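Q: Please look at the model below. The questions that follow ask what each label rests on.

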Amino acid sequence: MKWPVAKPKRTSVIVSGALGLLFILSQPGLAQTGQTVQIGQAELIGDVLAGQRKAVLCTLCHGPAGVSANPSMPSLAGQQAQYLANQIKAFKTGLRAEVTMYPYVQGLSDQDIADLAVYYAALPPRWVR
Ligand code: HEC
């Protein structure tokens, strides 16, 4: 006798896939790409999902969704993308000298910076207290 194992499995894959997609789409702005930021002379199109992937280390200090629990670390969620890009670039070049941030941004390309900037800009900000 055959047990009907294949069908429920396939269904659960479809369900979890759909739930995953729903989660991404339910994040305000997270499914959007294509916001531009100016970095130097170049106008770059940031990719929100690529930014999310590149933000793994940033979450150590800036919180899992850009909202920081540590009073000495700034929250980034919902900040203007252009401002974020300017600051990351400034940390990288040393214009804004910061020993804590420098190691994490020194290796970023302009495209990485654009992706990270539009990702954090797309996250919901924390309530102002
Ligand atoms: C080890 C902790 C740490 C990590 C990891 C880290 N940051 Fe920061 N970040 C800081 C601190 C501290 C500041 C505040 C700097 C200051 O006081 O000038 C900051 C500031 C910033 C700012 C400026 C915010 C503002 O309001 O001006 C941006 C943007 C930023 N970080 C982005 C990132 C990104 C993107 C990453 C990952 C590539 C990252 N940070 C990783 C600690 C960290």
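Q: Where is confidence lowest in the protein, and where is it highest?
A: Helix H1 (residues 6–26) has the lowest mean, 51, and H4 the highest, at 98. The score is pLDDT, the predictor's confidence in each residue, from 0 to 100. The mean over the protein is 84, and 73% of its residues reach 70 or more. Over residues 19–24 pLDDT stays under 50, and the model has two contacts beyond four places in sequence for them. A contact is a pair of residues whose C-beta atoms, placed from the backbone, lie within 7 Å.

Q: What should be kept in mind when reading the values?
A: The model is predicted: local features need pLDDT of at least 70, side-chain atom pairs count only at pLDDT 80 or more, and totals for chains, interfaces and linings use all residues. Numbering starts from 1 along each chain, as its sequence is written.

Q: How many helices and strands are there in the protein?
A: The protein has six helices and two strands, in the order α-β-β-α-α-α-α-α from the N terminus on. Helices (H or I, at least four residues) and strands (E, at least two) are DSSP runs, numbered from the N terminus.

Q: What makes the span of H4 close to the expected one?
A: The expected span is 1.5 Å times one less than the number of residues. H4 has 13 residues and reaches 18 Å from its first C-alpha to its last, close to the expected 18 Å. Helix H6 (residues 110–122) also has 13 residues, and its reach of 18 Å is close to the expected 18 Å. Just after H4, Gly 94 takes a positive phi of about 90°.

Q: Why is Leu 76 called buried?
A: A residue is buried if 20 or more other C-beta atoms lie within 10 Å of its own, exposed if 12 or fewer, and partly exposed in between, with C-beta atoms placed from the backbone. Leu 76 has 26 other C-beta atoms within 10 Å, so it is buried. This residue is found in the loop between H3 and H4. Leaving out residues up to four places away in sequence, Leu 76 touches His 62, Gly 66, Leu 84 and Tyr 120.

Q: Why is His 62 called buried?
A: His 62, in helix H3, is buried because 21 other C-beta atoms lie within 10 Å. Beyond four places in sequence, His 62 is in contact with Ser 68, Met 73, Ser 75 and Leu 76.

Q: Why is Asn 86 called partly exposed?
A: Asn 86 has 18 other C-beta atoms within 10 Å, so it is partly exposed. Asn 86 has its place in helix H4. The buried residues of H4 include Leu 84, Ala 85, Gln 87 and Ile 88.

Q: How do you know that H6 is largely enclosed?
A: In H6, 10 of the 13 residues are buried, so the rest of the structure largely encloses it. Among them are Ala 114, Ala 117, Val 118 and Tyr 120. For the protein, buried residues make up 25% of the 129 residues.

Q: What makes a set of residues a nonpolar core, and which members of the largest one touch the most others?
A: Such a core is a set of buried Ala, Val, Leu, Ile, Met, Phe, Trp, Tyr and Cys residues joined through C-beta atoms within 7 Å. The largest has 22 residues, of which Val 37, Leu 84, Ala 85, Ala 114, Ala 117, Val 118 and Tyr 120 touch the most other members. Strand S1 (33–39), H4 and H6 each give it two or more residues, and H6 has the largest share, nine residues. Apart from neighbours within four places in sequence, Val 118 is in contact with Gln 35, Val 37, Gly 46, Val 48, Gly 51 and Ala 81.

Q: Which residues are closest to the ligand?
A: The closest are Cys 58, Cys 61, Gln 87, Thr 100 and Tyr 104, in a shell of 17 residues. A residue is counted as near if its C-beta atom, placed from the backbone, lies within 6 Å of the molecule. Helix H3 (59–62), helix H4 (81–93) and helix H5 (102–105) each give two or more residues to this shell.
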